[in-house]
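Walk through this structure with the coordinates open.

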Amino acid sequence: QVQLVESGGGLVQAGGSLRLSCAASGSIIRINTMGWYRQAPGKQRELVASITSGGNAYYADSVKGRFTISRDNAKNTVYLQMNSLKPEDTAVYYCNADVTGVTGGVYRLYNSWGQGTQVTVSS
């Protein structure tokens, strides 16, 4: 089993910044792609940014130039630095990871989700 724990959400005024963190734990052999998704009330969950184990990053058009995703492979942690926040960034942010783990001596592939952290941007 693999667990993802997010932190860093909160309330911020428009134009402000927040940094989200997500730490993975469990019987991990390798963490492949890690990403951040968000879901606003009444909307579908959407991919915000992702990063491969080699450091290649993808960003949704709505956050390009404002958000930066990074990871620390030694700590099994992914970060999302969010700058110039807008009210439309308000959502629950979820961490996601593709992980190769081991259970009972058997390698398995997991796609794991964190519990979510609320980000609220006031105008």
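Strands here, like helices (H or I, at least four residues), are DSSP runs (E, at least two residues), numbered from the N terminus. This is a predicted model, in which local features need pLDDT of at least 70 and side-chain atom pairs count only at pLDDT 80 or more, while totals for chains, interfaces and linings use all residues. Residues are numbered from 1 along each chain as its sequence is written, and side-chain values use heavy atoms, with hydrogens and water left out.

Which strands pair with strand 11? Strand 2 (residues 10–13) runs parallel to strand 11, and four bridges join them. Q13 faces S122 across this pairing. Strand 9 (residues 91–103) pairs with strand 11 in the antiparallel sense, over three bridges. Here V92 stands opposite Q118. Two strands count as paired if DSSP finds at least two bridges between them.

Now turn to E6, in strand 1 (residues 2–7). E6 is buried yet has no salt bridge. Buried means under 20% relative accessible area, exposed over 50%, and partly exposed in between (1.4 Å probe, protein chains only). A salt bridge needs a side-chain nitrogen of Lys or Arg within 4 Å of a carboxyl oxygen of Asp or Glu. For E6, the nearest side chain of opposite charge, R45, is 7.8 Å away. Lys and Arg count as positive, Asp and Glu as negative; His and the chain ends are not counted.

What does the side chain of E6 reach? Another is the backbone nitrogen of G116, at 2.6 Å. Leaving aside neighbours within four places in sequence, E6 is in contact (heavy atoms within 4.5 Å) with residues including C22, W36, Y94, C95 and T117.

Next, the core. The largest nonpolar core has 32 residues. Such a core is a set of buried Ala, Val, Leu, Ile, Met, Phe, Trp, Tyr and Cys residues joined through side-chain atoms within 4.5 Å. W36, F67, I69, V78, L80, M82 and Y93 have the most contacts inside this core. Strand 9 supplies its largest share, five residues. L80 touches, among others beyond four places in sequence, W36, V48, F67, I69 and Y93.

L80 also touches R19, a residue of strand 3. Beyond four places in sequence, the contacts of R19 are S7, G8, Y79, L80 and Q81.

How many salt bridges does a search of the whole structure find? There are four. R38 and D89 form one, with N to O at 2.9 Å. R38 lies in strand 4 and D89 in the loop between strand 8 and strand 9, so this pair ties together parts 51 residues apart in sequence. Both R38 and D89 are buried. D89 also forms a salt bridge with R66, the closest N and O atoms being 2.7 Å apart. R66 sits in the loop between strand 6 (57–59) and strand 7, and the pair is 23 residues apart. R66 is buried, as is D89. A network of salt bridges links R38, E46, R66 and D89. K64 forms a salt bridge with D61, at 3.1 Å between the closest N and O atoms. Both K64 and D61 are exposed.

Conventions: Polar contact = N/O pair within 3.5 Å; in protein donor to acceptor, adjacent residues only side chain to side chain.
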